[in-house]
Amino acid sequence: MATIDQCRAALDRLAQNMSTADGEVRSAAALDRSLSCRITDLDITFLGRLADGTIRDVTSVPGRPPHKAEIRLTMAGDDLVALVDGRLNFAKAWGSGRVKLEAGLRDLLRLRTLL
């Protein structure tokens with residue numbers, strides 16, 4: 001089972017990857033939206049902001065998020081680490097229910113390039 005520190009490091013790597021991306025990936029990440037990533041097996045939620053092509057201001061809270069973010073991810077810690085490391089395909093994980101993504105339709109359409 002991934003630790004809180006490993007999950008935080010994975011989110012930091014994801015933010016770094018996004019900030020150095022270009023083309024369609026960079027434009028897809030150029031949203032300005034609140035973001036939450038709930039790690040079910042650790043009962044923790046990371047909160048942040050997707051802005052300027054990266055994830056900013058990441059904090060964590062125990063349990064469920066105190067407010068509903070505009071983009072919401074839910075998964076196990078191991079799945080977050082595997083996604084960021086490229087060992088888990090997002091589409092397959094999403095299709096099987098291992099990863100949940102909730103957002104508005106326009107945001108989902110833009111985010112599909114990232115996934």
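**Exercise 1. Which residue of strand 4 is the bridge partner of Leu-35, and how do the two strands run?**

Solution. The bridge partner of Leu-35 in strand 4 is Ile-71. Strand 1 (residues 33-39) and strand 4 (residues 71-75) run parallel and are joined by five bridges. Strands (E, at least two residues) and helices (H or I, at least four) are DSSP runs, numbered from the N terminus. Two strands count as paired if DSSP finds at least two bridges between them.

The model is predicted: local features need pLDDT of at least 70, side-chain atom pairs count only at pLDDT 80 or more, and totals for chains, interfaces and linings use all residues. Residues are numbered from 1 along each chain as its sequence is written, and side-chain values use heavy atoms, with hydrogens and water left out.

**Exercise 2. Give the order of the strands in the sheet and identify its edge strands.**

Solution. Five strands form an open sheet of mixed pairing, in the order 3-2-1-4-5. Strand 3 (54-62) and strand 5 (100-102) are the edge strands, each pairing on one side only. From one strand to the next the twist averages 15 degrees; angles run from 0 to 180 degrees between N-to-C directions, and axes are lines fitted to C-alpha atoms, for helices over the stretch in contact. Strand 4 is joined to strand 5 by three bridges, and these two strands run antiparallel. Within strand 5, Lys-100 is the bridge partner of Thr-74.

**Exercise 3. Explain why strand 4 is described as largely enclosed.**

Solution. Strand 4 is largely enclosed by the rest of the structure because four of its five residues are buried. Buried means under 20% relative accessible area, exposed over 50%, and partly exposed in between (1.4 Å probe, protein chains only). Helix 1 (residues 4-19) lies across strand 1, strand 2 (44-51) and strand 3, at about 165 degrees to strand 3. Helix 3 (residues 77-85) packs on the sheet and touches strand 1 and strand 4, its direction making about 110 degrees with that of strand 4. Contact here means heavy atoms within 4.5 Å.

**Exercise 4. Where on helix 1 do its buried residues lie?**

Solution. The buried residues of helix 1 are Cys-7, Ala-10, Leu-11, Ala-15 and Met-18. They cover an arc of only 140 degrees around the axis, and therefore lie on the same side of helix 1. The arc is that of the directions from the helix axis to the C-beta atoms. As background, an α-helix has 3.6 residues a turn, so residues three or four places apart point the same way.
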